[in-house]
Amino acid sequence: MIKSIIFWLLAMLLAPFFSAVILKIKAFFGGKKGPPLLINYYTLIKLFKKGSVYSTSTTFIFKMGPMVSLCSAVTVLLFLPIAGHAPVVSFDGDVIFILYLMGLGRFFTIAAAMDTASPFEGMGAAREAYFPIICEATMFMILVLFYKLTGELSLATYFSGSQPAGLWHVAGAPLLFVSMAFFIILLTENSRVPVDDPATHLELTMIHEVMVLDHSGPDLALIELGSFIKLFFFSTFVARLICPFDMGNSVFNTAMFGAALLLVYVAAGITESVMARYRMDRVPRFVLTSFALAFFATVITLEFVK
Amino acid sequence: MIHPVDILLTLVLLSVLFAFASSRLPVLIRILAFQGVVVSIVPFFLGHDMATGSIVFTLATLTIRGIIIPWSIYSMIKKMGIKREMETVVGYNVSVFVSLLLIVAAPMLSHKFNLTFFSGSTLITPTAITLVVAGMFLLMARRNAIAMVLGYIMMENGIYLVGTSFSARTQHIVEFGILLDVLAGVMIMAIMLQSMSHKYDNLDTALLRELKE
Amino acid sequence: MVEVIFLVPFITGLAAFFLPGIAGRVVLGLTGAVHLLMSILLWVNRPDAFFPEFFAVTPEGLLSLIVISLLFFLISIYVTEYLREADIRSENIFIGSILLFLSTMTMVTLSDHIMVMWIAIEATTLASAPLIYTHRTAKALEATWKYVLICSVGIAMALLGSILLTLAMDAGNVNVPVSFSALTGVAKQLDPTWLKAGFVFILVGYGTKMGLAPMHTWLPDAHSEAPSPASALLSGVLLNCAYLGIFKTNKIMFAAGLGDFSGMILMVFGLMSIIAAATFILKQTEYKRMLAYSSIENMGIIAFGTGIGGIGAYGAILCLLHHSLIKSSLFLTSGNILFGFKSRFIGQTGNLVKLMPKTFVAFFAGFAGISGFPPFGIFIGELLIIVGAFRSGHYTMAAIFILSLCFIFAGFANHVMKISFGKAPSDTRIAITEKPCLVWPQYALLLTSLVLCFWMPDTLYQTIIDAVAAIGGGF
């Protein structure tokens, strides 16, 4: 239990560090030196030191938004089995709870964006509402698959201990597709290239970033931290899926998990470096690909595992 | 225990998905080359006792389906500088949903038939059905003439997959004849495509509307 | 012996690709003559094949073969004159392809192995594609593209059907060669479900090639865009070849006791084709397309008759023979009309009786024959089919059948009268003289049809009876 809590705290602490890896990779591909690996901590500290500016047209929703989205991210992290260890909290059906908790976070981000009454933010909010719908469909499809394989509905049974190595053994090919689908979800949910460009400066082309334009100071810091944690959350899935081995040694397992996690972040960084952002009308097709993959994996599994 | 063929066939099914989502001809051609390779090496895994004749025939299939046909179409595109994006009748997102439905429907259909001839592999029949129907769909849903030819090839691949059970019982000379016919057919289509691109400088089949009734 | 008959045109066809114009025409005529001679020898001797597992001489094959041979010989005479008049850029390709086409069609009539049959029928598509594209126009290109694509897809269905037949063998634990004759022998042991599925796919596949509605869409285009001798071959014998595939499969079905199932499907497809032809023939503006729709109609009649069985099946075979003879003569005649008026449109022709009297005789006699006037064989065939339909109790279908025939006759007659007696455009100048080679082949074809009505040789009668007996036909 103590161990789980330590991992939970560690995850929150390290999430900004891992996000900086992506920046570093992008800088490397651009032939630049890039910011230091601790840049995100500096940014967060800087932001927390500042004061907030609120538009007179906003209400309490606007102030609540960042807080709720961070809280939902942190709570979701409680259920996450990190490096194969049991999560802090777990119950049967927690997967669905997690999905809706993330939905809650998103809802408040959107609500806060709408609250500013800025047309750009409304546009971003519409996109933010649209693309994750497909992602959710994908995740439910993956859920069906995992339920079919394990017969349970909790993250702990999917990703801790000897899982998902066991699952790979039963249904290797489908899990490969699931990994790919998850990576696409990771890119979509966390507003990465090719769905969204976190570094863009043009409101018209933004999705996620446009919604946080009006937040400042500590509020912005909370949002940033929330997004770091969210990215960490999804990366853990993919890392665990591509590196499911259980060596029996806790330290060794953790080290290996860390390496896998780093690999996922590097992969995300490389994707961002080599790909261009899709035109807005091409994005749904990209996200649909993840759904198609998950759906396909599920059908195949139903075929194999009678 | 998953039959080794099934792993390959899973990838073939996936490639159908990508073929439906792809709007670019070279991607489609690569997918077909892959399907051609997989489909022709399936007999190796099915445990028919392979005589020399069978091996030679399988290799010939591999060369023709996997290399010669896709390569010739690809080089034709390159030579003629054809636009690589395809015109569609049915859009890509809808196509993807159709392919998903297809992949669900095909196993259900093959359960009905209850085929037991294929030693061990559960996916051969569903894949064959999927390929045949998917080929038909491409023929109807894409207006680009090359895409139609590719749809035809996909259909042929599916039929060949059904035929693998049958390869045990006929002489290879017959199968070879079939293979040559398909090859010649594709070549003639390729020649037609070339003259078409000379005449219309576009392969949109909407241009072929002069003859009616 | 048997295999030589399609190897000869194959070799001469390959050679003709490299021969200059005049030599090619000589080769064409010689091959036609040799082929006819060999076919007659085959008819008389009925020898065994070198490769009995692939090829066999069957009554229905012989019937088709003799028709092909006769037609090809007469058409080759016509072609020698036609090529002089027509502006065909690459004559060697035309002659080479037409010879290869002959070779592949001959192979269809002789093949017994299910897959060899498929190979041969697909090969006919490939060999005839260059023929349709002879004129190198945009329209010809479109017609060829449709022809190759639709027929290839259709024939792919037939391949699937053929493979399903072999699955029927697997499911029934039968181990015989995959040939029509062997399968007909053990038909009772085959798995009926797979057999039915196989038949449906084969019918759709070869039906596409045969021009059954609704898979007929390529046929009017291809037949109207091809040069007239090629159209005559396409319509006169290629359709028969595809029908042969269906007929032989139907034999297996009948032997397996599934004759009712296959007969019903054949009747439905046949009727659909007749109705489709009746709908479209009324408003045709081009005479070659009109003839093409008439081919669809006749194929429908033949499928319908085959489906009825009994006396109807006999009638169907009669229709098959006479349709080949008359329709190919009509297509050759349409070539003359095209030479004369330089237009495919009915509206730009007229007064054929005065302007081209010899062609008129062939054209009008052909019209009378194809639309079922009494002295010609199609009349007898259709009559037998109608009698058969009534005998077997398909009253509604027979009524639709007769009604459609009336429609087709009305539409056909309307167009033919316009061409024959209507007013020609004032600036019409007939560009050719009616040389003997351009009309006598048609006369010969029509005469053959006429003679066969009044005097049918015993050997021919016996062969037809042998053929239809296998699908429950006969009196």
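This is a predicted model: local features need pLDDT of at least 70, side-chain atom pairs count only at pLDDT 80 or more; totals for chains, interfaces and linings use all residues.
Modeller: Helices here are DSSP runs of H or I with at least four residues, strands are runs of E with at least two, and both are numbered from the N terminus. Residues are numbered from 1 along each chain as its sequence is written, while chains are lettered from A and ligands numbered from 1 in the order in which they are written.

Biologist: Okay, why is N173(C) called exposed?

Modeller: A residue is buried if 20 or more other C-beta atoms lie within 10 Å of its own, exposed if 12 or fewer, and partly exposed in between, with C-beta atoms placed from the backbone. N173(C) has 9 C-beta neighbours inside 10 Å, so it counts as exposed.

Biologist: And why is N351(C) called partly exposed?

Modeller: N351(C) has 17 other C-beta atoms within 10 Å, so it falls in the in-between class. Its place is in the loop between α13 (311–341) and α14 (352–355) of chain C.

Biologist: What makes the phi of N351(C) worth a look?

Modeller: Most residues other than glycine have a negative phi. Phi of N351(C) is near 50°, a positive value, and N173(C) has a positive phi of about 55°.

Biologist: What makes the bond between A213(C) and P214(C) cis?

Modeller: Look at omega, which is about 0° there. P214(C) sits in the loop between α8 (192–210) and α9 (218–225) of chain C. Another cis peptide bond joins V193(A) and P194(A), with omega about 10°.

Biologist: How do you know which chains touch, and which pair has the most contacts?

Modeller: Two residues are in contact if their C-beta atoms, placed from the backbone, lie within 7 Å. By that test, chains B and C have the most contacts of the two pairs that touch: 30 residues of chain B meet 29 of chain C. The largest share of that side of chain B, 12 residues, comes from α7(B). On the other pair, 16 residues of chain B are in contact with 12 of chain A.

Biologist: What about chain A and chain C?

Modeller: No contact joins them, and their closest C-alpha atoms lie 23 Å apart.

Biologist: How confident is the predictor in chain C?

Modeller: On pLDDT, the predictor's confidence in each residue from 0 to 100, chain C averages 91, and 100% of its residues score at least 70.
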